[in-house]
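Welcome, and please open your viewer for a short walk through this model. Keep the selection tool at hand as we go from stop to stop.

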Amino acid sequence: MYKLGEHFELDKAALMANPGCVFQGQKYRITVLSEMLVRLEFNENGVFEDRPTKLVRRRNFKPPKFTVKQDDVYLEITTSYFKLYYTKEKNFYGGKVYPGANLNITLINGEKAWYYKHPEVRNYGAPQSELFNKRGKYKFTKGLYSIDGFASVDDSENEVINEGGEFVEREEDVIDTYVFMYYKNYQQCLKDYFYLTGSPALIPRYALGNWWSRNEDYDDDSLKTLIDTFELHDIPLSILLLNHDWHLKSYDKVNNIRSAFTFDESRFKSPENMIKFLHSKGIRVGLSVDPLGGFYPFETNYAEISKHLTPDKDGKIPFNVLDSKALDVYLKLIIHYLDAVHIDFYWLNLDSNLKEEKFRLNHYHFNDMKRNYKRRPMLLSENSNIAPHRYPVLYSGKTTVDWKTLEAIPFFNSSATNNGVSWWSHDIGGYHEGIEEDELYIRFVQLGVFSPILKFGSERGMFYKREPWRWNTNTFNIAKEYLRLRHRLIPYLYSEAYKYHKDGKPLLEPVYYKYPEMYDDKLYRNEYYFGSELFVCPIISRKEEIMKRAIHHFYMPEGVWYDYVTGKRFPGPDNYVSFFTDQQYPVFAKAGSIIPLGENDNIFDTTPPKNIEIHIFPGRSNTYELYEDDGMTDLYRKGFYLKTSIEFKYESNNYNLTIRPREGKSGIVPDKRNFKIRFRNTKRAENVTATVKAEDKETNTYNEGNDFIIEIKDVPSTAPLILNCSGKNIEIDALHIINDDIQGIISDLLIETDLKQMVYDVLFGKLPPAKKRIAVRKLRRKGLENKFVKLFLKLLEYIEQV
């Protein structure tokens, strides 16, 4: 056994199930882990496994409630979710004729039953691997979410982990399967799954900002110019990810080497100073690495490495990630030396399709970062398909620049939740090939803002335009607006990331969880909940060229929803059609939503901000918990965090808001904060009071459009702020009416003004639909072009649908 280090060792006590929940015979062991989760083991020699595996980290669940009936032959276990029947000592599989003859597990609240080797064909699956350049076509593998209400996870062939942190083969062939019988409680299924396999990692706060990762051969000067240009245009950036050109690439007659770890000093004279410069701006640094090609004589520590690993005849030292000693040498003599110049994380950009190598490197790289509490672990890597939620962030590979790629991403992202994964990344705009289009770029950026990770990346070449300032003025302004919004959303996104880490609540939830019929409906299945407060209906197709708007059909779930930008009200459940300009994007906040935003003086800074803006939508009372820590270290595990309760009590003419530190320590966030409270769809209130520590606080109040804003300066972060505003009929009823959309379309069209009025009078007049269509066609005599006639006939159809 090779000891890799304490940070690779796992808690033995957490792996032992409660003895009172274990039922064991000569060949079988059945363990009731929770009221919906059971472990099934079978081995002819009675060998069972208590060590950790690639998949499993904990089995010491809180003892569940269940009843048992058994005799020498039969075992029956009943929980609130399932009833298990087993004929003792029999193989779990009953044969092709009656596979559940020896063992079956039936849902209490339904007729569905699971048995060993069940095909589970109603399992919705989850993304297996990368999009690559398959134009949006990807493979799904079995996940946890099934409309049958159950799913199994087979751990039989996964290696176990010994006391030194090494992966070793099991000594015997076994059946080792975990069965989740959750019925309709998928959220609890995820919580059990995360307890079993390890909690989702809490990613660093900076990972929720804008990433930059173009495959360009940057150097000191070009990097500084890039950062200066972002700063000049007031566009935020949080991560700079260097591709393979940061390191030496040639040795002897070998060129384009991928497996290298020494900075090319012709590009970066002082890597440490370059990184200090980026850190001083608030930008974190990642490096692309691929050790699978071995280590060349130009490496700084080559002489020391060669003492432990044998070079080949050409001087290159082969690397085998399956060999513990080689892995130890790689981490200590290569990665730790890069760590010493303050690299923040690594992109495992492997030239390999071997899943085992991917998993090993993901696992060891991520856990190696745990040795230093000052740097919170994070990777960028491909999906190795074993508990990928433990090793964020996943990368979808080199996607094609086209609309089909954009179309695939929302369903891909939300369906990843079927396997408990939230942190997938895709290159904004696509990575290579295809045709660069301004509209496609805009829709990619907008989708990225409301996705788990926003990462720019592309192949090298002057005609791949990822920099916002390289587009026309309209595209630049829209991209800038949305990229700034992404950074302002970080307080909300980080609070939701903490819920995912702590409570197992995924950042994304597909619409088909609550509305299963949507799964096969291509109009609506791309929609998803984005955290607890927002709902996204992505635009994934081109706009209609004449009206210069995207015609978008979408579904609003049950409840009342508001367009996040305009404040227009959309009652649900209902189907809608609306028309979105390039600048507009269909993101909705539910009634009572509380959405905290932030803004730092330094546009690159992602630390907890002094300036907090809170958007509050009317319609119902609500409470939101803002979570904050330093965002960089693991000190949050020792209690160094702050949870702030934001409580909104709604009455139609009286709003009460209380912002109160609830749990944690002081010193985590700025000592004093400036609050801007934005009550959406609200008139100016007649009465406004603000108190801090029972003393009145001065406010500045005003309206912006339909929003009522209250500003309060210098509020102590550890003191409660209580705000009240009231008045007569202060809530604005901004019901969405399609007439407003069409009026805007008519207004923007290049037709004579008098004709616009005629068109409007026909479309919204009192004529029956058939006569309206005739009247529109007759406007040709007034000079209305045929393309506009066709457009207005189409708009009539939408009006009639409403």
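**Stop one: salt bridges**

Select D264 and R267: the two form a salt bridge, with their closest N and O atoms 3.7 Å apart. A salt bridge here is a side-chain nitrogen of Lys or Arg within 4 Å of a carboxyl oxygen of Asp or Glu. This is a predicted model, in which local features need pLDDT of at least 70 and side-chain atom pairs count only at pLDDT 80 or more, while totals for chains, interfaces and linings use all residues. Residues are numbered from 1 along each chain as its sequence is written, and side-chain values use heavy atoms, with hydrogens and water left out.

Is D264 buried or exposed? D264 counts as buried, at 14% relative accessibility, while R267 is partly exposed at 21%. Buried means under 20% relative accessible area, exposed means over 50%, and partly exposed lies in between (1.4 Å probe, protein chains only).

Next, select R549 and D748, whose side chains meet in a salt bridge at 2.7 Å, N to O. R549 lies in the loop between strand 26 (534–536) and strand 27 (550–563), and D748 in helix 11 (residues 738–748), so this pair ties together parts that are 199 residues apart in sequence. Helices (H or I, at least four residues) and strands (E, at least two) are DSSP runs, numbered from the N terminus. R549 is buried, with a relative accessible area of 8%.

Now go to helix 14 (residues 786–801), where E797 and K794 lie three residues apart, about one turn of the helix. These two form a salt bridge as well, with the closest N and O atoms 3.5 Å apart. E797 is partly exposed at 38%, and K794 is partly exposed at 38%.

To see a network of salt bridges, select D234, R484, R488, E599, E613, R678, R680, E704 and D707 together. How many salt bridges does the model hold by this rule? The count comes to 61.

The largest pocket has a volume of about 1,100 Å³. Of its 38 lining residues, select the closest to its centre: R58, S199, K370, H501 and R637. On a 1 Å grid over the protein atoms alone, a pocket is an open set of points where a 1.4 Å probe fits, with protein on both sides within 12 Å along at least five of seven lines; lining residues have an atom within 4 Å of a point. Points are joined across faces, edges and corners, and the volume is the space filled by probe spheres set on them.

Colour helix 1 (186–197), helix 6 (355–368) and helix 10 (490–503), which each supply at least two residues of this lining. Helix 10 gives the most, with five residues.

Move on to the second largest pocket, with a volume of about 680 Å³. Of the 33 residues that line this second pocket, T141, D154, N158, N385 and I386 are the closest to its centre. Strand 9 (126–127), strand 11 (150–154) and helix 6 each give two or more residues to its lining.

**Stop three: charges over rings**

Return to R58, whose charged end sits over the ring of Y195, 4.3 Å from its centre. A charge sits over a ring if NZ of Lys or CZ of Arg is within 6 Å of the ring centre and within 35 degrees of the ring normal. Finally, select K455, which lies over the face of W347, at 5.4 Å from the ring centre.
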